[in-house]
Each structure stands twice: as structure tokens, then as C-alpha cells.
Amino acid sequence: MKPSTETDAVPAAVAAARAAAGWWAGLGWDGRRRALLAWKRTLAGRVEELAAQIRAETGKPHGDAVLEVMLAVEHLDWAARHARAVLRRRRVPAGLLAANQAASVGYEPLGVIGVIGPWNYPVYTPLGSISYALAAGNAVVFKPSEHTPGVGRWLAERWAEAVPGPAVFQAVTGDGETGAALCRAGVDKLAFTGSTATGRTVMAACAATLTPVVVEAGGKDALIVAADADLDAAARAAAFGGFGNAGQTCAGVERVYVERSVYEPFLDRLAELARATRPGEEPDARYGRMTTPAQAAIVAAHIGDALARGGRAVVGGPAAVRPPFVDPVVLADVPEDSLAVTEETFGPTVVVNPVRDLDEAVERANASRYGLAASVFTGSRRTAADLAARLRAGAVSVNAVLGFAAVPALPFGGVGDSGFGRIHGADGLREFSRPKSVTRQRFAAPIDLLRLDRRPAALARATRLFRLRHARG
């Protein structure tokens, strides 16, 4: 089916998906696995073509676009190969009180999943929902960002080539009105990735029909550098997490907290990397343009506010914003109540502030209303484990940034204003499934309490056993 391009076509797309969902669920684990792997081979075999489409719409360098496809395909492969093991019916212990019952739980498809994708990673991010929803047995209607409609259409067209038949996966393109129409169209669950403000709007629209949602919203992710860290590695990671994809990464690096004894050496290393980095249109540029015109203005406002509040620009400053590009910006000693610390900048800027110790670093990192991801650099495994446990975030990388992104078995999602629900991994498969519990009586209960003519002697005996089991010791 050719992807629709009109908001008015959303109800028809969902109706077609509803009709296709039964066929898709009926293929069973093996049939869906074969279909998904066929789609995977199509995407992998045409990686250069898809990367070119990503580059054309987002402005990111060719290499970054290729890497995005590679990561997305790894997740698709994992979902296809592990859905059966994660979701198939399995026996669970019945417990002493129901020892005569055989108990099991299995996971069934929800039906039709709506997916609203972002523009910053137009393949990797939405496929984190699409792949797992399809593997769980659902049909999917996908609305890509209005800034990357070509990517959405390309994915749907390749699906139709690899898996001809009913409209199991479709794309509908358009702006926010199309997304609102998808929320109202009667999908069984909606997965949204985008800003926190838009996430609230999506939730409000879905609330009218009690449609459950998965929200992956913004981030203001922190990187903590301990005094015993490899400063060169930490600086490289901060540069990649902060400037990569023009800083347009929800789980990238926007804040860095460094123990004071190594603050200046770290800052020098990061500044050197920032000065050597420039964006451009060339396929091999370090990073590309700001994908949306409005984002450069937000970056400029955050830089201006940080400097007005007493922060200093170690690299860059207001002149770094030269739309559609923004040069790397390193800000230091920025007050914690400034926009550059409290709000998602989504641009190639990094705030680096000193802390007296790691306790203060955790306190400042956790002070954000966001909680998507975090990073820790330290030479001590014990310190790393302690910090990871204390950080309020959905994912933590140790001695790396974004390490979890390439591990399909790990769930991804945030807390607070970063959203809720999980994609990827076993939790991602279950996110798009409905658990169903089944019990089967194997024999008559020795003490039968589940009857209207319950005997007093049976209750007395059961009460004695209950006390022996739960009221002693």
C-alpha cells in the first residue's frame, strides 16, 4: 500500500491495519520472524540509499546516517529473533494456596500500534518501537516527523516489497494535525518520541479514548568525571555526546560535572577538541546543520542566558550560532538555574561545571526534572557501580556515552519529564503486548475454600496452616 500523505487518510490507514493485524498475528512466531528478517535484509542491502535519504532531510553527515541505519537494523534483528522466547506462554509457580492449579502466562498482540517519530534520528528511534511492536504481532501505522517524511515513506515502501500482502506496516505523513488524528483513530497503543511539551499534548489526546501511550521525551543528560578518570577518554566522550548530530540527541551530553581537582585539565582537553571541530555540508563533516530553523534560536537563547548569569564561554559563544550551523560551544561555571542547565538545549553546547566531590555531582545531576540517561567516567568499578545506582536516569553508561544504544537487549526510556514506558529489549516486546493469565485445576483442592457451602472445619484447618506459614519467625 502506498503511504498516505493526508491527515484525512489516517482513519482508513488504521482500519486497514486493523484488518491486517489478524493476518499478521496468525502467521505465528516463525512466520513473523521470517517476514521481519526479510525486511531487515532489504534495509541492510540498501543502507546507502536509506542513509542518503536521512542525510537529505536531516543534514547529518553520511557516516552518521549509515551508523544510524546499522543500529536500527541490529534492534530489528534482535526483536525478530527473540520475540518467541520472551512472549510465548510459560508456566509459573502456583504457590501453596493454589497448589492444585497449573498456572501460566503468555503475551498477546495489542492489535494496532500508532508510532509518532522524531526528526533527529528518523530511522533508529522510531524503529525502536516499530520493530518491537511488529515482532510482538501487532500492525503499525507510523507518522514520521514532518521534517523527515521521505524516510518514513521509504521504510514503508521497502516493507511492502519485502512483505507483500495486507497493510501490516504503513506510513502516514503530515504535521501535528496528522499526529493528532492518529491519536484519535482508535489505535490500541501509541508510542511517541519528541519534546516533553508535545508529549503532554499527545497524552491529553489519547486520554479521551483511554489509549495507553509510551512517551520518550526530552533529556538534559549529565556526564560525571571523577578525579581518577581517564581525562582524554572522558573529553572525547563529552565531545561526541555533546556535539555529535549537532547536539540533537535526547540522550547525548548537555551537562558535565567534574571533580574540582581535575576540572581545569578536563576543560582544556574538551576545549581543544571543540576548537578542532566544525560543522558543514560535506559528507565527511564532523556534524551537520541544525535540522529545524527554530532550534538555532533556542541554542542562542541558552548561550546568551548562561553568559548573562555569569557563565563564561571557553569555546564559542553567541557568534557560534550562524544558522543553519552552530559551532561547538563549551560553557563553564554556569549557574545551575540558567536555561543552559535546566532546559533541553538540543544543540552542540556543553556546560562544564566543577563539583567538590562525587556526592555533589550526583546531587546536581539528579536535580533536573529530566531523567533519560547519564554517563560516568572513573577508574574504579566500585565507584562506577555506586554512581550508576544513585543516578536518576533510565540508562547509565560507564566510561562511555550512549553505550546502551547499541545493545538491543537493554530497555530504553526515562523518568520524570523524559517520559515513561520502555522500548528495546524484552521490556520493549512486552510494552506492545497484553499479558494473559491462565489457570487449570489439576485436581480437587484438599482444603476447598472456594465454594459457597464452605465447611467451618475446612476454614479452621486452613487458618491454622496459614498461621504456621506466615505468622511465625
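Reader: Let's start with Phe 404 and Phe 412: buried or exposed?
Author: We go by relative accessible area: under 20% is buried, over 50% is exposed, and in between is partly exposed (1.4 Å probe, protein chains only). On that scale, Phe 404 and Phe 412 both come out as buried.

Reader: Before I get carried away, what pLDDT do local features need?
Author: Residue numbers start from 1 along each chain as its sequence is written, and side-chain values use heavy atoms, with hydrogens and water left out. This is a predicted model, in which totals for chains, interfaces and linings use all residues, side-chain atom pairs count only at pLDDT 80 or more, and local features need pLDDT of at least 70.

Reader: How are the rings of Trp 23 and Trp 24 arranged: stacked, edge-to-face or tilted?
Author: Rings of Phe, Tyr and Trp (its six-membered ring) pair if their centres lie within 6.5 Å; planes under 30 degrees apart are stacked, over 60 edge-to-face, and the rest tilted. The structure has nine such aromatic pairs. For Trp 23 and Trp 24 the centres are 6.3 Å apart and the planes sit at 35°, so this pair is tilted.

Reader: And what angle lies between the planes of Phe 404 and Phe 412?
Author: These two form a stacked aromatic pair. Centre to centre they are 5.5 Å apart, and the angle between the planes is 15°.

Reader: How does helix H2 run relative to helix H5, roughly parallel or roughly antiparallel?
Author: Helices (H or I, at least four residues) and strands (E, at least two) are DSSP runs numbered from the N terminus, while axes are lines fitted to C-alpha atoms, for helices over the stretch in contact, with angles from 0 to 180 degrees between N-to-C directions. The axes of H2 (residues 28-45) and H5 (residues 124-135) come within 9 Å and cross at roughly 150°. Under 35 degrees is roughly parallel, over 145 roughly antiparallel, 65 to 115 roughly perpendicular and the rest oblique, so H2 and H5 are roughly antiparallel.

Reader: Which residues of H5 make that contact?
Author: Contact means heavy atoms within 4.5 Å. H2 brings Trp 29, Arg 32, Leu 36, Trp 39 and Leu 43, and H5 brings Leu 127, Ile 130, Leu 134 and Ala 135.

Reader: Which Cys is in contact with Glu 216?
Author: Glu 216 is in strand E7 (residues 213-216), and at 6% relative accessibility it counts as buried. Leaving aside neighbours within four places in sequence, its contacts include Thr 125, Phe 192, Phe 412, Ser 418 and Cys 250.

Reader: What is the relative accessibility of Glu 68?
Author: Glu 68 lies in helix H4 (residues 62-87). Leaving aside neighbours within four places in sequence, Glu 68 contacts residues including Lys 60, Asn 120 and Tyr 121. Glu 68 counts as buried, with a relative accessibility of 2%.
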